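Please look over the sequence and the structure shown here before reading the briefing that follows. The points below are grouped by topic, from the whole chain down to single residues.

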Amino acid sequence: MTTRRNDHMSIKAILKDFVESNNLEKGLDKVNVAKAWNELMGNGVNKYTTEIYLEKETLYIHLSSSVLREELGYGKQKIINLLNEELGKEVIKKLILR
């Protein structure tokens with residue numbers, strides 16, 4: 001027989017407990033980072049984005065345009081700040097554009 005900790009826990013709290021107890025947070029961060037990139041950067045940048053992946057606290061973005069890569073390189077810290085703000089926590093500390 002299972003006991004309930006609280007009869008009035010919100011769905012959000014239950015899901016958060018589940019994610020934490022099953023060590024799923026890093027996997028969700030990877031999915032959420034890709035989603036945030038696509039939403040924040042828009043169609044113009046997404047058209048040239050070939051790969052997005054997060055490893056530890058570094059976000060790797062592969063771009064098919066060297067000109068775009070150069071342009072985005074000037075605003076790396078701003079991009080990191082925007083993505084972390086969108087995610088609601090500091091997930092990314094470094095951005096590498098390839």
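**Briefing on the chain**

The model is predicted, and its chain holds four helices and three strands, which follow the pattern α-α-β-β-α-α-β when read along the sequence.

**Overall shape and surface**

- The radius of gyration of the chain is 17 Å, whereas a compact globule of 98 residues would have a value near 13 Å.
- Taken along the principal axes, the box filled by the C-alpha atoms comes to roughly 60 × 20 × 20 Å.
- Of the 98 residues in the chain, 28% count as buried, and the chain exposes about 7,400 Å², of which carbon and sulfur atoms supply 50%.
- When contacts between residues at least 6 apart in sequence are considered, 52% of them join residues at least 24 apart.

**The largest nonpolar core**

- In soluble globular proteins, nonpolar side chains tend to be buried together.
- The largest nonpolar core has 18 residues, and the members that touch the most other members are Trp37, Leu59, Leu72 and Ile92.
- Two or more residues of this core are given by each of helix H2 (25–46), S2, helix H3 (66–73), helix H4 (76–87) and strand S3 (94–97), with the largest share, five residues, coming from H2.
- Leaving aside residues up to four places away in sequence, Trp37 touches Val45, Asn46, Thr49, Ile52, Ile61, Leu72, Ile79 and Leu83; Leu72, one of these contacts, is also listed with Trp37 among the core residues that touch the most other members.

- Ile11, Ile14 and Leu15 make a nonpolar surface patch of about 310 Å².
- Leu15, one of the residues of this patch, is found in helix H1 (residues 11–21).

- Most residues other than glycine have a negative phi, whereas the phi of Lys56 is near 55°, a positive value in a residue other than glycine.
- Lys56 counts as exposed because its relative accessibility is 78%, and the cut-off for that class is over 50%.

Key: Residues are numbered from 1 along each chain as its sequence is written. This is a predicted model: local features need pLDDT of at least 70, side-chain atom pairs count only at pLDDT 80 or more; totals for chains, interfaces and linings use all residues. Side-chain values use heavy atoms; hydrogens and water are left out. Patches are made of residues with over 30% relative accessible area and no salt bridge: like charges are joined within 9 Å, nonpolar side chains (Val, Leu, Ile, Met, Phe, Trp, Tyr) within 5 Å. Accessible areas come from the Shrake-Rupley method with a 1.4 Å probe; for residues, only the protein chains shown count as cover. A salt bridge is a side-chain nitrogen of Lys or Arg within 4 Å of a carboxyl oxygen of Asp or Glu. Buried means under 20% relative accessible area, exposed over 50%, partly exposed in between (1.4 Å probe, protein chains only). A nonpolar core is a set of buried Ala, Val, Leu, Ile, Met, Phe, Trp, Tyr and Cys residues joined through side-chain atoms within 4.5 Å. Contact means heavy atoms within 4.5 Å. The radius of gyration is taken over C-alpha atoms; the globule rule is 2.2 Å times the number of residues to the power 0.38.
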